[in-house]
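Me: I would like to learn how to read a model like this one. Can we take it feature by feature?

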2 protein chains.
Amino acid sequence: MSVAVLFGGSSYEHEISIVSAITMKKVFKSTDLEFIFLDANREFYSIDSSDMKSKFFSSGDYKKAKRLSLKSGGFYSKTFFGENLIEFDTLLNLIHGRDGEDGKVASLMEFYGINYISPRIEASNLSYSKLYTKLFAKELGIEVVEYQHLFKHSPRVINIKYPLIIKPTRLGSSIGVSIVREKAHLEYALDVAFELDDSVIIEPFIEGIKEYNLAGCKSNTWELSIIEEPQKDEFLDFDKKYMDFSRDSQVAKADISLELTKKLQESFKTIYEPIFYGSIIRCDFFVIDERVILNEINPIPGSMANYLFEDFENMVLRLANSLPKEKNIKIDYKYINSISQAKGKA
Amino acid sequence: MSVAVLFGGSSYEHEISIVSAITMKKVFKSTDLEFIFLDANREFYSIDSSDMKSKFFSSGDYKKAKRLSLKSGGFYSKTFFGENLIEFDTLLNLIHGRDGEDGKVASLMEFYGINYISPRIEASNLSYSKLYTKLFAKELGIEVVEYQHLFKHSPRVINIKYPLIIKPTRLGSSIGVSIVREKAHLEYALDVAFELDDSVIIEPFIEGIKEYNLAGCKSNTWELSIIEEPQKDEFLDFDKKYMDFSRDSQVAKADISLELTKKLQESFKTIYEPIFYGSIIRCDFFVIDERVILNEINPIPGSMANYLFEDFENMVLRLANSLPKEKNIKIDYKYINSISQAKGKA
């Protein structure tokens, strides 16, 4: 089994995607990996494993690597005599933020018939937007943090009590997020968020809340990670998250009751099935008085949350063998033919 | 100004997309049109205007047309000396159902930097799913028809009173839709819908309900169509809708009060802005006791609902001049550089 790791992208999280991909090189010990880089101009490059160092990308050296074109069936490189298919069994989508999480990569893979591990188009859109995540979770009976949604053109009348947290609806890695403790700082924080997105989510900021992360997927069976209680400062800013994305060794299990563990696992499964089939996601939950509250779905978690699994590599391989298949739609021109016949033209 | 019409697709509505595209040929009177066909195998073809007849596609003759490849900047055809860019200013996405409405076409256009008229990726996903349409509309304060959502794996316990209507969550053109008048027929109707989708929406079937359709877009200003009261039998089945997709002359205005007209227009605008920027959509509303209830959003309406507009052609051209632009994300490798420096490697 060989796996292609797709990373980079036209995204604010381009750089942490590179860090995530480099981490994969350490984590996959016996699987053949192909590294495919998508640069800021949306050109694909085949990257030699020995070049998987962050400097290779920041310096622009990657431009000397083989350019790839995406077509039916896969990625191709030009040769003297024609072109060469880059061979792999499954592609692991590791592009964080735009391109990777907004449904573009899923669309391209689906359109060109490439096996891939990633949320499908719909699941991407659901989890890329903090608003749709909430709407969908509520529909499934999962509790979410109280919120208010504002468009850029909406009147700035806030119904949430201070302190509050303002988040651009569609960005990850805490980009554009502000904690606002008093009204005087509200306008500025909204301006910052609206610079990045045309829609924001406002939530009460709850000091010292208990947070638990759980990742997993459904291959031929449920594969759930350990539950981690992430250490956090006020909240992880971009710099800290950046370092966080290079984690490659298993972390300690949170010290929680069996009952709470089960509640978190059940919530994860309810969210995952069937919308997230084919992907490895991480759900971040808050817990207040034993109530499980969904904070966020990470559709392409940093370094794929590998550090939460006992044997990440083999889980990926099992998932690769149980990916959802696109429904085959047969087009037989029945209607056109019957209408042509009715008109006496057939 | 020249417009490319993209049609076909790997979709149950492939054939009606052909009908829609042929209708465009009649509707656009002074604009250069390029026809680009996406066949069931997801190959693109450049179709000569004189070949825009349904038989050309059903017979397979289209395979003799020029094959196109999609790359950065547009569609290219092979020549003896290299390749030729198919020139147009804007692409009109006319693929109904899968590929066109599920976010794939939007993703491809966005990824390869092609100007296009169509719902963006997120708006596609919202309107492609009858469930997300409802969740989103409710969030915006728009009333929707009472419903129950079932996954294929959910227990079949129905809380809606008979008669009810069962719809696959993600298909258009009434495909897989059943009206169920008594419990004895429920299981079969659910089986039919679950053959086509892994999720269904169940609603009460309301006999003789008033329905009104309104289409439009926001170019540099609001462009709203007349409001039509569609004639309907019990509900339009696929055959009737198929014929309906070839309409090309303006229909009569519904005979409703100014007050109701305004309510429908305000509901349309609330749904449209800003999520549907760049697209021409049709919203189908029910009206009960002067209450406006959203039934459906048609993100790529049949023949683009041209028959609802006084001057469809010029509206398309105005919209083409006010399409949303993708945000430019500058990637400067600031984090990688600062970390390399901290490590003393720079």
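**A covered helix**

Reply: Start with helix H4 of chain B, whose buried residues are B:Ile121, B:Glu122, B:Ala123, B:Ser124, B:Asn125, B:Leu126, B:Ser127 and B:Tyr128. Keep in mind that this is a predicted model.

Me: How many of the residues of H4(B) are buried?

Reply: Eight of its eight residues, so the helix is mostly covered; a residue counts as buried if 20 or more other C-beta atoms lie within 10 Å of its own.

Me: What do the buried residues of H4(B) pack against?

Reply: Elements of both chains. From chain A come H3 and H4. From chain B come helix H3 (104-111), H5 and strand E17 (291-298).

Me: How do I describe two packed helices?

Reply: Two packed helices are described by the angle between their axes and the distance between those axes. Take H5(A) and helix H5 (residues 130-139) of chain B: the angle is about 110 degrees, and the axes are 10 Å apart. H5(A) is therefore roughly perpendicular to H5(B), as angles of 65 to 115 degrees count as such.

Me: Which residues of H5(A) and H5(B) meet?

Reply: H5(A) brings A:Tyr132, A:Leu135, A:Phe136 and A:Glu139. H5(B) brings B:Tyr132, B:Leu135, B:Phe136 and B:Glu139. By class, this contact has six nonpolar and two charged residues, and no polar ones. As for the spacing, an α-helix has 3.6 residues a turn, so residues three or four places apart point the same way.

Me: Now the whole interface. How many residues does each chain put into the contact?

Reply: Chain A gives 41 residues and chain B gives 42 residues. On the side of chain A, several elements supply at least two residues each, including helix H1 (14-27), strand E4 (66-71), helix H4 (121-128) and helix H10 (334-342). H3(A) gives the most, with five residues. The residues on this side divide into 16 nonpolar, 14 polar and eleven charged.

Me: What are the domains of chain A?

Reply: The domain assignment gives domain 1 (2-117), domain 2 (126-143 + 208-320) and domain 3 (146-204). The C-alpha centres of domain 1 and domain 2 of chain A lie 25 Å apart. Their contact takes 21 residues from domain 1 and 22 residues from domain 2. On the domain 1 side, H1 and strand E7 (90-93) of chain A each supply at least two residues.

Me: Pick one residue. Is A:Thr90 buried or exposed?

Reply: A:Thr90 is buried, because 20 other C-beta atoms lie within 10 Å and 20 or more is the cut-off. A:Thr90 is found in strand E7 of chain A. Leaving out residues up to four places away in sequence, A:Thr90 touches A:Val3, A:Asn115, A:Tyr116, A:Ile117 and A:Ala320.

Me: Last, how do I read a sheet?

Reply: Strands of a sheet pair through backbone hydrogen bonds, either parallel or antiparallel. One open sheet of chain A has five strands in the order E9-E17-E16-E14-E15, with mixed pairing. Its edge strands are strand E9 (143-144) and strand E15 (222-228), each of which pairs on one side only.

Me: How many bridges join strand E14 and strand E16 of chain A?

Reply: Seven bridges, in the antiparallel sense, between E14 (residues 210-218) and E16 (residues 281-288) of chain A. A:Asn213 stands opposite A:Asp284 in E16(A).

Note on methods. Residues are numbered from 1 along each chain as its sequence is written. Chains are lettered from A and ligands numbered from 1 in the order in which they are written. This is a predicted model: local features need pLDDT of at least 70, side-chain atom pairs count only at pLDDT 80 or more; totals for chains, interfaces and linings use all residues. Two residues are in contact if their C-beta atoms, placed from the backbone, lie within 7 Å. Helices (H or I, at least four residues) and strands (E, at least two) are DSSP runs, numbered from the N terminus. Ala, Val, Leu, Ile, Met, Phe, Trp, Tyr, Cys and Pro count as nonpolar, Asp, Glu, Lys and Arg as charged, and the others, Gly among them, as polar. Domain bounds come from an automatic or database domain assignment. Axes are lines fitted to C-alpha atoms, for helices over the stretch in contact, and angles run from 0 to 180 degrees between N-to-C directions. Angles under 35 degrees count as roughly parallel, over 145 as roughly antiparallel, 65 to 115 as roughly perpendicular and the rest as oblique. A residue is buried if 20 or more other C-beta atoms lie within 10 Å of its own, exposed if 12 or fewer, and partly exposed in between; C-beta atoms are placed from the backbone. Two strands pair if DSSP finds at least two bridges between them.
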